[in-house]
Amino acid sequence: MARHRISQGSSFEEQVGYSRAVADGRWVFVAGTTGYDYSSMTIDPDVVEQCRQALTNIDDALTAAGSCAADVVRVRYLVPHAPDFEPCWPLLRAYFHESRPAATMMVVGLATPDMRIEIEVTALKPVE
């Protein structure tokens, strides 16, 4: 199976030179994804809403790669402020309820002050 690059039309993809996701064989690598609504290039100020949108963006990328949340084996959460992470737990628990991936949360600076959470996932599609 050939490498397949997935774009969501974010202006960041073009400006920085990356793909939202890359599928290679059974592996799907989804880039760090924030809460931007790429159709309008807007971001909600609320961290929970940003988390919800980030998961929607990730889900769209996984679907385009022929994968889904149940296939996720690794997730990294990046937040500028540690207290912002806990309010997101219910959404994360619901999204990853089946896969229960290995996870890491890091407190880091993000690209803009508007970004309050970034999520990166790796998925392994089942053998067909």
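Two residues are in contact here when they have heavy atoms within 4.5 Å of each other. With that in hand, let us walk through the structure. This is a predicted model, in which local features need pLDDT of at least 70 and side-chain atom pairs count only at pLDDT 80 or more, while totals for chains, interfaces and linings use all residues. Residues are numbered from 1 along each chain as its sequence is written, and side-chain values use heavy atoms, with hydrogens and water left out.

Start with the overall fold. The protein chain has three helices and eight strands, where helices (H or I, at least four residues) and strands (E, at least two) are DSSP runs numbered from the N terminus. Followed along the sequence, these elements give the pattern β-α-β-β-β-β-α-β-α-β-β. The radius of gyration of the protein chain is 14 Å, close to the 14 Å from the globule rule for 128 residues, so the chain is as compact as a globular protein of that length. That radius is taken over C-alpha atoms, and the rule is 2.2 Å times the number of residues to the power 0.38. Along the principal axes, the C-alpha atoms fill a box of roughly 40 × 35 × 20 Å.

How is the chain packed? Among contacts between residues at least 6 apart in sequence, 72% join residues at least 24 apart. Of the 128 residues, 40% count as buried; buried means under 20% relative accessible area, exposed over 50%, and partly exposed in between (1.4 Å probe, protein chains only).

Now zoom in on Glu13, which sits in helix α1 (residues 11–17). Is Glu13 buried or exposed? With a relative accessible area of 6%, Glu13 is buried. Setting aside residues up to four places away in sequence, Glu13 touches Ile6, Ser7 and Gln8, along with Tyr18, Ser19 and Arg20. For a sense of distance, Ile119 is 106 residues from Glu13 along the chain, and their C-alpha atoms are separated by 16 Å.

Which residues does Ala102 contact, leaving aside its neighbours within four places in sequence? They are Val73, Arg74 and Val75. Asp114 is twelve residues from Ala102 in sequence, yet the two lie 27 Å apart in space, C-alpha to C-alpha.
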